[in-house]
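Here's a quick briefing to read with the model open next to you. Have a look at the fold, then work through the topics below.

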Amino acid sequence: MTAEAWTSAGIIVVTIGLWATARLPEYLVALLFFAAAAVLNLAPPDVLFSGFSSAAFWLVLSGFILGVAIRKVGLADRIARSLAGRLTGSWPRMVGGVVLLTYALAFVMPSNMGRITLLMPIVLALADRAGLAEGSRGRTALALAVGLGTFQLSASILPANVPNLVMSGAAESAYGIHLSYLPYLVLHAPVLGLLKGLALTACLCLLFPAKPCTVLRIEPGEPLSPAEKRLSALLLATLALWMADAVHGISPAWIGLSAACICLLPRIGFLTGDEFATGVNIRTCIYVAGILGLTALVNHSGLGTAMGNWLLHLLPLNPASPARSFGALIALSSALNFTVTANGVPALFTPLAKSMAEASGLPLLTILMVQVIGYATPLLPYQASPIVVAMGMAHVKTWDGIRLCLALAAVTFLVLLPLDYGWFKLLGLMSR
């Protein structure tokens with residue numbers, strides 16, 4: 001590699017280390033990364049600051065605005081009141097109910113950020129009604145249930161998150177393989193969807209025990225206020241446009257941004273300038289832009305390709321040992337997740353799939369599908385921006401997110417991974 005690439009590697013390692021250890025605030029680490037990379041001229045500004053022009057950044061910002069509006073007009077509390085009587089009977093039921101909501105919504109709404117935007121204000125209002133104060137373990141658990149449930153479980157549904165779409169697009173352009181909705185769901189939903197949802201619920205209950213107050217009955221609510229009616233109509237229209245993005249071709253980010261602008265309009269909207277300044281978490285937006293900028297620098301410098309090729313030669317791929325090859329490929333996907341984050345893993349992993357298929361003796365389709373397990377199981381929150389956004393909306397401490405990511409990853413690799421291998425084998429995907 002060139003001297004510039006080695007310098008980029010050093011800055012990337014330091015940035016990831018600071019994010020992982022939470023020694024400095026995450027937004028400050030992102031700003032330091034931008035400053036160092038810009039001063040050293042490691043990438044053109046349009047590459048380095050591409051996170052600010054990406055759809056993900058604007059979807060995050062619009063999500064915060066919509067979330068503040070939902071809470072302000074009382075819509076979140078109204079929906080939470082209707083759920084409280086059903087979910088507050090026990091802590092496992094409450095956590096499991098929230099996890100189930102995140103998975104169910106993924107079937108009808110394609111955007112991770114959009115789902116977090118809708119669910120987080122409702123879940124936080126539900127926490128308020130159950131007596132889980134801000135900063136409490138119970139409130140942290142429910143917020144993390146939204147973040148990890150939204151991102152990790154949606155990996156089992158083909159159009160429900162960005163890495164899946166990157167992977168399917170790359171597979172079709174590189175190998176002419178067209179992935180279908182139902183076969184993909186059958187392959188991944190039993191383990192990465194249902195069993196992982198149970199594992200997430202168990203980890204949350206064990207790591208963050210709580211005793212929510214029981215709401216015995218649903219309180220009769222007052223009729224919808226004019227503001228609630230207007231915001232409900234706006235949210236339904238936004239949701240309908242998000243669900244039909246394949247028809248009209250408008251990015252979910254620009255739909256969300258338009259809805260956010262309506263929320264900020266005088267008289268028509270719901271938020272004042274002061275409420276925007278105090279309620280919208282700009283720190284997390286800068287953090288997300290930093291993650292995306294770091295990924296762009298990895299690709300621009302050639303580090304991603306170099307790392308992938310280097311790791312490929314180290315993998316113990318052997319046609320005589322499919323189980324070992326299966327585990328090694330997931331390890332590669334997880335390793336790439338540290339540098340290019342979840343959205344970038346399929347962009348690097350997929351072009352290497354043919355070489356890995358020849359070395360391992362596994363079908364090409366199997367190689368492509370194995371990476372899903374790796375990028376859907378982040379070891380640290382920064383590897384998946386939806387988790388970062390959820391933590392930012394609920395003011396969750398970085399260490400709490402790291403603990404849960406590591407615990408769920410341990411369960412996934414020790415328990416769910418062998419089950420996934422058996423399921424792949426049962427479906428005939430472990431031999432040509």
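**An aromatic patch and its surroundings**

Phenylalanine 57 is buried, as its relative accessible area is 9%; buried means under 20%, exposed over 50% and partly exposed in between, with a 1.4 Å probe and protein chains only. Keep in mind that this is a predicted model, where local features need pLDDT of at least 70, side-chain atom pairs count only at pLDDT 80 or more, and totals for chains, interfaces and linings use all residues. Residues are numbered from 1 along each chain as its sequence is written, and side-chain values use heavy atoms, with hydrogens and water left out.

**Aromatic pairs**

- Rings of Phe, Tyr and Trp (its six-membered ring) pair if their centres lie within 6.5 Å; planes under 30 degrees apart count as stacked, over 60 as edge-to-face and the rest as tilted.
- By this rule the count comes to ten aromatic pairs.
- One of them joins phenylalanine 34 and phenylalanine 52: the ring centres are 5.5 Å apart with the planes at 40°, so the pair is tilted.
- Phenylalanine 34 sits in helix H2 and phenylalanine 52 in helix H4, so this pair ties together parts 18 residues apart in sequence; helices are DSSP runs (H or I, at least four residues), numbered from the N terminus.
- Phenylalanine 34 counts as buried at 4% relative accessibility, while phenylalanine 52 is partly exposed at 30%.
- Phenylalanine 57 also pairs with tryptophan 58: their centres are 5.2 Å apart and their planes at 90°, so that pair is edge-to-face.
- Tryptophan 58 is partly exposed, with a relative accessible area of 28%.
- Ring pairs link Phe33, Phe34, Phe49, Phe52, Phe57 and Trp58 into a cluster.

**Helix H2**

- H2 covers residues 26–39, and its 14 residues should span 20 Å at 1.5 Å a residue; the end C-alpha atoms are 20 Å apart, which agrees. The expected span is 1.5 Å times one less than the number of residues.
- Its buried residues are Glu26, Val29, Ala30, Phe33, Phe34 and Ala37.
- They cover an arc of only 140° around the axis, which puts them on the same side of H2; the arc is that of the directions from the helix axis to the C-beta atoms.
- An α-helix has 3.6 residues a turn, so residues three or four places apart point the same way.
- What covers the buried residues of H2 includes helix H1 (3–21), helix H16 (282–301) and helix H22 (398–426).
- Asparagine 41 follows H2 and has a positive phi, near 55°.

**Valine 60**

- Valine 60 lies in helix H5 and counts as buried at 1% relative accessibility.
- Valine 60 and cysteine 285 are 225 residues apart in sequence, yet 6.6 Å apart in space, C-alpha to C-alpha.
- Leaving aside neighbours within four places in sequence, valine 60 is in contact with Met113, Cys285, Val288 and Val389, where contact means heavy atoms within 4.5 Å.

**Positive phi in loops**

- Arginine 267 is not a glycine, but has a positive phi of about 70°.
- Arginine 267 sits in the loop between H14 and helix H15 (273–279) and is exposed, with a relative accessible area of 85%.
- Histidine 395, also not a glycine, has a positive phi of about 55°.
- The place of histidine 395 is the loop between H21 and H22, and at 57% relative accessibility it counts as exposed.

Key: Helices (H or I, at least four residues) and strands (E, at least two) are DSSP runs, numbered from the N terminus.
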